[in-house]
Structures are given as structure tokens and as C-alpha cells.
Amino acid sequence: MEDLGNIFETRNANVFNSPLEIGFRTLFVLNGISPTEVDFNRLVIYDYFLLNSSDFPNGPKSLHPPIPHRSAQIIIKPLILKDALVLMRSKELIDIVFSVEGIKYKANNLTKKFIELQENEYSKKLIESSKWINDQFGNFSDEQLNTLVENNIPSWGGEFIYESLIRG
């Protein structure tokens with residue numbers, strides 16, 4: 001008989017930072033800002049805020065521990081987020097809106113129903129943090145949001161930036 005611990009570890013080894021994990025969080029973000037539609041860039045930033053809300057003076061406790069180089073998430077996440085959005089759309093859990101302003105993403109009825117089914121503590125924290133994101137940043141223009149990120153990346157575990165400059 002095969003060791004169940006090894007099976008579990010192998011089956012779940014590829015979940016961390018996968019399209020499934022990021023897609024799951026994206027559902028909470030989109031539901032938390034519903035009915036607002038947002039573009040890809042804002043989703044990348046909101047995912048960072050969701051995980052690292054303690055980087056803000058009055059933010060809720062971060063969902064994940066504050067790791068060094070965490071600001072690199074803003075650089076790396078777009079590669080995975082694209083696949084996450086495709087996955088969530090393929091399950092009809094989000095809507096894609098095409099407009100003159102570009103491609104935007106939004107929650108739909110299935111998003112809300114899916115989130116209502118989540119009863120674990122992590123999901124409750126995702127709901128709380130998503131609401132905080134909407135309350136704090138929902139009225140920011142794209143320019144204001146980008147400026148906030150650019151001005152604060154060095155203090156958000158920005159060792160990555162300084163290290164890359166040194167190794168340059």
C-alpha cells in the first residue's frame with residue numbers, strides 16, 4: 001500500500017502559485033469589487049494587496065507571511081494570472097467584457113454562489129481582505145494605483161529590486 005502522505009504531497013505540490021490558486025483568489029477579488037469591471041493590471045495589483053495587506057498601515061493582517069522579495073510578485077504574477085483567468089472563465093466563474101477601453105474582468109452570479117459555498121477560515125479572510133481592497137482602492141484611477149505601487153515597491157519587500165540593480 002502506497003504511503004498516503006506522499007500521495008497527498010505529490011497531488012498538491014503544484015497548487016502553490018498555480019493558475020488554480022491565483023484564479024481562486026481572483027474570484028474573491030472580483031466578487032469583492034462587484035459589479036465593477038477591472039483590467040488585467042488592476043487584478044495583478046489587487047492580488048498583491050490581497051496577499052500582503054499588512055504592507056499598508058491600516059490594512060488587515062496579510063494572508064501570507066511577509067517574505068523577502070515579495071514585491072517581485074507584481075512582476076511574476078502576470079504570467080500565471082493569464083492562465084488563471086482562462087481557467088476561471090472556462091468554468092464560467094467570471095465574465096470577460098470587451099469594450100473600447102479594452103478587456104475587463106468581472107464577477108458573475110456563479111462567482112457569488114461559488115464564494116458563498118466557501119466556509120473555511122482562509123476564504124473568510126479572503127472575503128474580508130477583498131472588501132478592504134474595494135473600500136481602500138476602488139475609487140483610485142489607474143494612474144493613482146500605479147503611482148502608489150511605484151512609490152511603495154521598495155518598502156514592500158523590495159530587496160528584489162535592489163539586488164537586481166547590484167547584480168545588474
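Guide: Welcome! Helices here are DSSP runs of H or I with at least four residues, and strands are DSSP runs of E with at least two, both numbered from the N terminus. The model is predicted, so local features need a pLDDT of at least 70 and side-chain atom pairs count only at pLDDT 80 or more, while totals for chains, interfaces and linings use all residues. Residues are numbered from 1 along each chain as its sequence is written, and side-chain values use heavy atoms, leaving out hydrogens and water.

Visitor: Thanks! In which helix is the place of Leu145?

Guide: Leu145 counts as buried at 1% relative accessibility, where buried means under 20% relative accessible area, exposed over 50% and partly exposed in between (1.4 Å probe, protein chains only). Contact means heavy atoms within 4.5 Å. Leaving aside neighbours within four places in sequence, Leu145 is in contact with Arg42, Ile45, Tyr46, Phe49, Phe137 and Phe140. The element that holds Leu145 is helix H7.

Visitor: How many Å apart in space are Leu145 and Tyr46, C-alpha to C-alpha?

Guide: Tyr46 is one of the residues in contact with Leu145. Along the sequence the two are 99 residues apart, yet in space their C-alpha atoms are separated by 9.8 Å.

Visitor: Let's step back to the whole chain. In what order do the elements run from the N terminus on?

Guide: The secondary structure of the protein chain comes to eight helices and two strands. Of its 168 residues, 40% count as buried. Among contacts with a separation of 6 or more, 69% are between residues 24 or more positions apart. The order of the elements is α-α-α-α-β-β-α-α-α-α.

Visitor: And over which residues does pLDDT stay under 50?

Guide: pLDDT is the predictor's confidence in each residue, from 0 to 100. The chain has a mean pLDDT of 84, and 78% of its residues reach 70 or more. The model has eight contacts beyond four places in sequence for the stretch where pLDDT stays under 50, residues 159-168.

Visitor: How many residues join E1 to E2 in the hairpin?

Guide: Strands E1 (residues 94-99) and E2 (residues 102-107) run antiparallel and are joined by six bridges; two strands pair if DSSP finds at least two bridges between them. Within this pairing, Asp95 stands opposite Lys106 in E2. The hairpin joins the strands through two residues.

Visitor: Which helices do the buried residues of H6 pack against?

Guide: H6 (residues 121-137) has 17 residues and reaches 24 Å from its first C-alpha to its last, close to the 24 Å expected at 1.5 Å a residue; that expected span is 1.5 Å times one less than the number of residues. Its buried residues are Ser123, Leu126, Ser129, Ser130, Trp132, Ile133 and Phe137. They pack against H2 (19-33), H3 (40-51) and H7 (142-152).

Visitor: What separation do Lys124 and Glu121 have between their closest N and O atoms?

Guide: A salt bridge is a side-chain nitrogen of Lys or Arg within 4 Å of a carboxyl oxygen of Asp or Glu. Lys124 and Glu121 are three residues apart in H6, so about one helical turn separates them. Lys124 is partly exposed at 44% relative accessible area, whereas Glu121 is exposed at 52%. The closest N and O atoms of this salt bridge are separated by 3.5 Å.

Visitor: Are Glu21 and Arg25, which meet in a salt bridge, buried or exposed?

Guide: Both residues lie in helix H2, four residues apart, about one turn of the helix, and their bridge has an N to O distance of 2.9 Å. An α-helix has 3.6 residues a turn, so residues three or four places apart point the same way. Glu21 has a relative accessible area of 14% and Arg25 is at 1%, so both count as buried.
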